Each structure stands twice: as structure tokens, then as C-alpha cells.
Amino acid sequence: MMTLYFTPGACSIGIHLLLERTGLAYERRRVDIRAGENREPWFTALNPKAKVPVLRRDDGCVLTEFPVIARYLAAAAPEAGLLPTDPEHRLRADELTEYLVATLHMQGFSRIFRPAKFVEDPAGHEAVRAQGRAIVQDGLAIVERQIGPGGPLADIRTVADAALFYILFWTIDRAGLTAPPSCARLYAELRASEAAERVFAAEGITP
Ligand SMILES: N[C@@H](CCC(=O)N[C@@H](CS)C(=O)NCC(=O)O)C(=O)O
């Protein structure tokens, strides 16, 4: 059976939601990154990058990198309808996923949650967090144009929802930032789903 290695509330929550939405059979293994478990030999043997999410496939092979895991799962469960059959929609979903992970997460939220990764001196942390908030807010305005009225992914559920879910969870429920209207609506919809309820319960999170 597949195994998802996750940390409660981390970006792996997007893959967790995707797994619940696809109905694919999987097991969960919690990795406590706050306690440094991702640096322990058993985990780095699995993923030398020391990051979650990790997906161990049915055949025992390991997949890393959020966008790749998300596409793999969406393709493994075509009946869930999250991998668009229209090539243009598929491209736009990939484009959005990459942007959410590479820019909003790695450039924006990394600054907000882990400013010490960017500046050692604690006196500089607030400025780094402010930079992160600006990256997230500017990025969400671009995301809104993709999923909002008239955008290429307006009203289309795709694999990008996995990344939208964790980015909006962090935006709204963790960082207390405001999301543009279509983003906020989508998050409210995903968050109210039974799949999300199961995910929050399994991760021990009260959003
Ligand atoms: N580019 C990676 C990012 C994964 C990532 O940064 N995961 C964070 C959790 S949200 C992590 O495992 N951090 C551990 C650490 O930095 O020590 C991906 O797309 O999967």
C-alpha cells in the first residue's frame, strides 16, 4: 500500500487532502519536523532532502516534490477528475501548482514562518516576515486571476487544488492574512468537505 509521510499542518496536508479526495488506499506516517525527525537516518534514507511530503508508492519507489506527487496521484485516480483532460487546462493547473509551491510557499511562507533561514540576526526577522507577507499577497492576486471569474481555471477543480488548499490554509488559518474572494471561497468549500474533515482529524488539527 502507498504511504504518505506527513507533518501535521505542513505542506504535506495538500497531498493528504488529495489522497482523501481520490479515495486511493494509503497509510500515513507522521514525521515530526519540529523535533527534527526529518533529519533522522531512517527518514533521510527515504528522502535525502529531509522534507515532507514523501510518497512511497505501491511498488516501494519513493516520490518527492509536491507538484510531482500531486500529478502522480491525480493520474492514478482519473475517476476523481482532478487531472484535466483538456491540455490547456492541464498546463494551467501545472503552472498554478508550480507557482504556489515555488513562489508562495518557498519564497513567501518560508520567510513568514522561518525568517531565520534568510537572516540570522533576530533583529532582522520582522523585516523578512514583512517581505514574505508581500510575496504572498502579490502572489495571491495573480492566483485570483487564474481561478477567479474569466480566469483559465475558473470553476474547474484540478490537481492544483492540493496546493491551493495548503497555501490558503496557511494564508487564512495560520498567518491570518486576507485572501482574495475566489481564493477565499474555494478554501471555504474545500475546508468544509468531508475529505478535509478527515484530514484535519487525522493530523490532529483544529483549523
Ligand atoms: N519543494 C518541496 C518543499 C517541501 C518542504 O519545504 N517541506 C517542508 C514542510 S512544509 C519541510 O519538510 N521542511 C523541513 C525542513 O525544512 O527542515 C516540495 O515541493 O515538496
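Residues are numbered from 1 along each chain as its sequence is written. In this predicted model, local features need pLDDT of at least 70 and side-chain atom pairs count only at pLDDT 80 or more, whereas totals for chains, interfaces and linings use all residues; side-chain values use heavy atoms, with hydrogens and water left out.

View 1. Helices are DSSP runs of H or I with at least four residues, strands are runs of E with at least two, and both are numbered from the N terminus. On the buried list you'll find S12, I13, G14, I15, H16, L17, L18, L19, E20 and T22. The cover over them includes strands β1 (2–6), β2 (26–30) and β3 (54–56), plus helices α3 (66–76), α6 (160–174) and α8 (194–203). Just past the end of α1, look for G23, which takes a positive phi of about 80°.

**View 2. D161 and its partners.** D161 lies in helix α6 and is buried, with a relative accessible area of 1%. Its side chain makes a polar contact with the side chain of R21, at 3.1 Å. A polar contact is a pair of N or O atoms within 3.5 Å; within protein, one must be able to donate a hydrogen and the other to accept it, and residues adjacent in sequence count only if both atoms are side-chain atoms. Setting aside neighbours within four places in sequence, D161 is in contact (heavy atoms within 4.5 Å) with R21, L186 and L190.

**View 3. The shell around the ligand.** Altogether 18 residues surround the ligand, and the closest are C11, N38, V52, E65 and F66.

**View 4. Polar side chains facing ligand oxygens.** Zoom in on N38: a polar side-chain atom there lies 3.1 Å from an oxygen atom of the ligand. For K117, a side-chain N or O atom is 3.4 Å from a ligand oxygen, and for K51 that distance is 3.5 Å. Taken alone the ligand exposes 510 Å², and the protein buries 89% of that (Shrake-Rupley method, 1.4 Å probe).

Key. Buried means under 20% relative accessible area, exposed over 50%, partly exposed in between (1.4 Å probe, protein chains only). A residue is near a molecule or strand if one of its heavy atoms lies within 4 Å of it.
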